[in-house]
Amino acid sequence: FIEKLLLPGTSPPDILLEAIIFIRVVSSDERASMLFVSNKILEHIHRIWRDLTQDNELQFQIVLLLSQLMLHGNTGASILKTPGMLDQLLKGVGTSCPKLRHAFDDCKYLILEFDRHDDGSLGPFGVIVRDRTFLNIVCSSDQKGW
């Protein structure tokens, strides 16, 4: 049922928003979050996120959902392996909306926390996040004339 709501052109933005909030709440249970990830729902959410970039509230709820899914090891890995998902997360870090920017930052820190090898070193996604974060800091410092 939920997947049908997320298909292109089937639901207005307010229904999409409610569906994403519902998925986020239910995803607090790890078994339920696995169902959402395994049923292509994550791909639909990524498409919505990519297509509706002007809707800050929808973007905010999607990032909160992704953060919730990051808390579970298997679903967090699925997020990071979804093509384009990490790039979309990293693009949002510089958004002008403070509430949305903080949500992106929280999600970024979850990646840094959970994408680790057994020896504690960063995994491949954590390295990308660390390096891009460093580059963003350096570039913003250069623009300010520091």
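Biologist: What share of the residues in the protein chain count as buried?

Modeller: This is a predicted model, and in it 44% of the 146 residues of the protein chain count as buried.

Biologist: And which secondary structure does the protein chain have, helices or strands?

Modeller: The protein chain comes to nine helices and zero strands. Its radius of gyration is 16 Å, close to the 15 Å that the globule rule gives for 146 residues, so the chain is as compact as a globular protein of that length. Taken along the principal axes, the C-alpha atoms fill a box of roughly 50 × 35 × 20 Å. If you look at contacts between residues at least 6 apart in sequence, 57% of them join residues at least 24 apart.

Biologist: Where is confidence lowest, and where is it highest?

Modeller: The lowest confidence is in helix α9, residues 124-144, with a mean of 70, whereas the highest is in helix α2, residues 13-26, at 90. For the protein chain the average pLDDT is 81, and 91% of the residues score at least 70.

Biologist: Changing topic, is His 46 buried or exposed?

Modeller: His 46, which has its place in helix α4, is buried, with a relative accessible area of 6%. Leaving aside neighbours within four places in sequence, His 46 is in contact with Pro 83, Gly 84, Met 85 and Gln 88.

Biologist: How many disulfides does the structure hold?

Modeller: The structure holds zero disulfides. Cys 97 is in no disulfide, and the nearest cysteine sulfur, that of Cys 107, is 16 Å away. A disulfide would need the two sulfur atoms within 2.5 Å.

Biologist: And those two cysteines, are they buried or exposed?

Modeller: Cys 97 is buried, with a relative accessible area of 18%, where the cut-off for buried is under 20%. Cys 107 also counts as buried, at 0% relative accessibility.

Definitions and conventions:
Residues numbered from 1 in each chain as written. Predicted model: local features only at pLDDT ≥ 70, side-chain atom pairs only at ≥ 80, totals over all residues. Heavy atoms only, no water. Buried < 20%, exposed > 50% of the residue type's maximum accessible area, 1.4 Å probe, protein only. pLDDT = per-residue confidence, 0-100. Helix = DSSP H or I, 4+ residues; strand = E, 2+ residues; numbered from the N terminus. Contact = heavy atoms within 4.5 Å. Rg over C-alpha atoms; globule rule 2.2 N^0.38 Å.
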